Every structure is written in structure tokens, then in C-alpha cells.
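Open the structure in your viewer and keep the selection panel at hand. The stops below can be followed in order.

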Amino acid sequence: MYAYHKQVLKLTNLEQVLQIAPHYSDFFAFETPEHQIRFGLGTISSLTPHSPQTAFTDVKQWQIAQKTQIPAAIQNQAQIFGAYPFENQPSDQQNIWGNLAQGYFFLPQYTLIQQSPANFELLVLAQQPQQLSQAVADFLNLITLATKILPDTPVLETKQPLALDHWQQQVGVTVNLLQHQSSLKKVVLARALQTTSSSPISPEKSWLNARLMNPETYHVLLRHQKLAFLSATPERLIQFNQANFQTAAIAGTIARGKTPTEDLEFGNQLLADTKNRQEQAFVTKTILAILHQHQAKVHYANTPILLKNKNVQHLFTPIMGQLPTPAGIFDLIAALHPTPALGGVPKNEALAQIRHIEPLKRGLFGAPIGYLTFNHVGEFVVGIRSALLKTNQATLFAGAGIVADSLPTKEVKETALKFQPMLNTLYERTTVFNV
Ligand SMILES: C=C(O[C@@H]1C=C(C(=O)O)C=C[C@H]1O)C(=O)O
């Protein structure tokens, strides 16, 4: 059994945690749109899945093994943090993901869960009881003396859309396929934007920027050594509390208006648009079918509503449900991913097309990222509106759902729009530009 210590920690300034985070080789930060924050720092145990195909079972087995080391009294607070990989992609695809390529999970030495704006519950774990008091003292010393100022937000130096002409052309090829091959209904194609900065990008500072720039989304950071994945995603994959869960079907995109009237007009346009309604209906239908396969009871509204973020708005159907047992959650995460919002319909054909077309491994882009306690409470979100950060480089990702009547030029614009929030998060003085 691991030894543990629990206490309430007053934090008047959130930045204290971000300031000390670089001291630890693993760091995870997760904030919901309701502004509930949790952090994980340092590593008691970690797991790199053997391969993307085995990731879901590898994580499940590792978590079950870890549970045997967690005292019953802290099974509600102790939690694992991490990300699954998107999917297996051919080895000749460009791989920038390093030791995150197969996903990464860890059980932190220090877990902080926000109870009220300035109060966090701190849980400290140690492998051996005799290490515990030192571990607690080290952390409290670091955090009370946290003076290390986070680096400034850097200036964008270069930006390079990856194979944009090829991508646009392949969207055209895919549209053709969708029009002539009746079984394939939707494929989500993603592209990347490679950027460099004037000085190293601090993942921790970027997470703080993300929450200031996009207050209505999730803000998730997974850093493992020098590589970090940052996402300001609006999209929940699944949130669960015992056997109860909430998920969502999101698809269809339009810009936000410059005035409230224009914004309303755009929203109504999206709600009335047949192509987008169809695209979103595929997502809802597929998610419901998976939930039924898992014997879940579900509640949802028949008509989608709008989910508004800073730069874009989407069609959105919240879905609530209940599984026969809490233990079914692991299998449900595996079955839901990738939803047609990130893969396509039917799943396997769409994934084959993605593998065939995209020149870059998706890594953690579009994959489930989140936390899970040892008592079946957790949340995983979809890692979009995201970037992989490595010292002076950031690679941003954006995808768009391609259906039979998609227009390649429009899809280029839609993905360009989806890059904007992350560009504004990572870089100082970024103006809207064509990518
Ligand atoms: C794939 C992305 O977004 C997804 C695709 C959408 C669409 O095709 O309209 C909308 C929301 C997301 O589910 C992305 O942001 O990269």
C-alpha cells in the first residue's frame, strides 16, 4: 500500500502551482468549463501503453493493479491522469510525438483538487511510509516559496501549414469517394500547422493563457518531461460518477458573429443548415448505438442546441445515461473513441481513409484525455483545439468533418478558424491570419 497524507491547501494565487510544476517531470492540469480545477504533479507510477491498439486494455490493467496499492480511505481522491493515443497510424507517417506517441498516464505524487476558489485538497502519496513526511515538506516548501516567475508569452516567429495543397486536394478526393461509395458517410480529416517561437514556449504559462483566452472551454495540459500537449477543447467525451454518465454529440461549425445580431444569425444559419444537421445527426446516432450496445439507459433531446466558443459555434446534443455497472466505464471509453466527430461513419472505413490521407500521426490529437479516480469518478475530453509543445516549437492540429457535399476550400477555412484559439493562446500579438 502507498502511504498518504491529506490536507487542505489555501492557494491565493493559482500561479504558484504553475510556477513549481516545471520542478516535476510529469504535470497534468485540468479545468472544466465550470472552472473546477485539478492538478497532478510528480510521479508515483506511470504507464506508456505498448501500442495504440492495446492502449485501452493496458491502461485498464495498470489502473486495476494500482488500485491494490491505494488505501480504501483515499479511493475518492487518488486519481490517474493521462491521455490515450488517437489510433494506430502507419510507421512512415511523420512522427513528432516522441514519448507521448502511444499515450501516457501517471499516478501523481501530489494531487490537488479544487474545493472552492482558494481552497484545494492536497493528497500526497509515497511508495514507502518513511518517505512521506519528507515528500509533504518538500512540496509545502516549494509552494510557499514559489517565486519562479513564469516566462513571458513568446512571439510567433514562423508558421508553416503542413502540406496544405495536398490536404485540400485530398479533401476533394474524399468528397468524390463519399459521393460514389455509398457505405462511407463521413470522414474527419485533420491538418497541422507547424510554428516556431522567438523563445521557449512554457507549457504552464500557455495553460494559464488558455484559461484566460477561452474561459468557456476545458483547459487541459499533459506534460511528460520536455513534451507537452495542450488542449482548449469544448468537447466532452464522457464524464462519469459511478454508473451515471454524461456525453455529447458535437459537430457542425460556423464562426461567431461580430455583433450579437450577427452571432444569432450565424447560429440560426447553422441550426437550419441541412449538411451540418446531417453531419451532427450521424454523430448522435452513432453514439446512441454504442450506448445501447453497452445496455445504457439514455436521455437526450431530439433537436441539437448551439455550443458557443470564442471563435466558433457548433451543433450540440447533450446525452445523459446510466450503465448497468460502474465498471463498464473503461469499455465505454474505448467503444466511444473515436466518435464520428473525430473519426467518421462507419468508423473503420473512415479510419482507413484517415490513415491513407494524413501525412502526420495524430498522436494525442482528438484522443481522450482526462482523469479517473479509483472509485469510478472521472472525465475524459476530446483533445482538439490543441497543440504539441516542444521548446521553441508548437504543432497545432485542426480537423473538419467531410461529407458528400463538402467544399474543399470551405474546409480549409474551417480548419484555419479552429487554429485561431490556440495561436492566440501560445503567442503574443497574434493577428488573424490565413493558414
Ligand atoms: C475535429 C475538430 O472539431 C470537430 C469537428 C467539428 C466539425 O466538423 O464541424 C466540430 C467540432 C468537433 O467535433 C477540431 O477542432 O479539430
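In which loop does Thr391 lie? Select the stretch between strand S21 (386-390) and S22: Thr391 is in that loop. The model is predicted, and the values given at each stop are computed from it. Thr391 is not a glycine, yet its phi is positive, about 40°. With a relative accessible area of 43%, Thr391 is partly exposed, because that class lies between 20% and 50%.

**The ligand**

- Gly399: a backbone N or O atom is 2.7 Å from a ligand oxygen.
- Gly252: a polar backbone atom is 3.0 Å from a ligand oxygen.
- Glu414: a polar side-chain atom is 3.3 Å from a ligand oxygen.

On its own the ligand has 390 Å² of accessible area, and the protein covers 99% of that.

Next, select Thr217, in the loop between helix H5 (203-213) and strand S11 (219-224). Is Thr217 buried or exposed? Its relative accessible area is 3%, so Thr217 is buried, the cut-off being under 20%. Show side chains as well: those of Thr217 and His219 are joined by a polar contact of 3.4 Å.

Follow S11 to the loop between it and strand S12 (227-231), where Gln225 is found. Gln225 has a positive phi of about 55°, although it is not a glycine. Its relative accessibility is 42%, and Gln225 therefore counts as partly exposed.

**Two cis peptide bonds**

Go to the loop between helix H8 (329-336) and strand S18 (344-345) and select Pro338. The peptide bond from His337 to Pro338 is cis, with omega near -15°.

For the last stop, select Pro346, in the loop between S18 and helix H9 (347-357). What kind of peptide bond joins Val345 and Pro346? The bond is cis, and its omega is about -15°.

Methods:
Residues are numbered from 1 along each chain as its sequence is written. This is a predicted model: local features need pLDDT of at least 70, side-chain atom pairs count only at pLDDT 80 or more; totals for chains, interfaces and linings use all residues. Side-chain values use heavy atoms; hydrogens and water are left out. A polar contact is a pair of N or O atoms within 3.5 Å; within protein, one must be able to donate a hydrogen and the other to accept it, and residues adjacent in sequence count only if both atoms are side-chain atoms. Accessible areas come from the Shrake-Rupley method with a 1.4 Å probe; for residues, only the protein chains shown count as cover. Helices (H or I, at least four residues) and strands (E, at least two) are DSSP runs, numbered from the N terminus. Buried means under 20% relative accessible area, exposed over 50%, partly exposed in between (1.4 Å probe, protein chains only).
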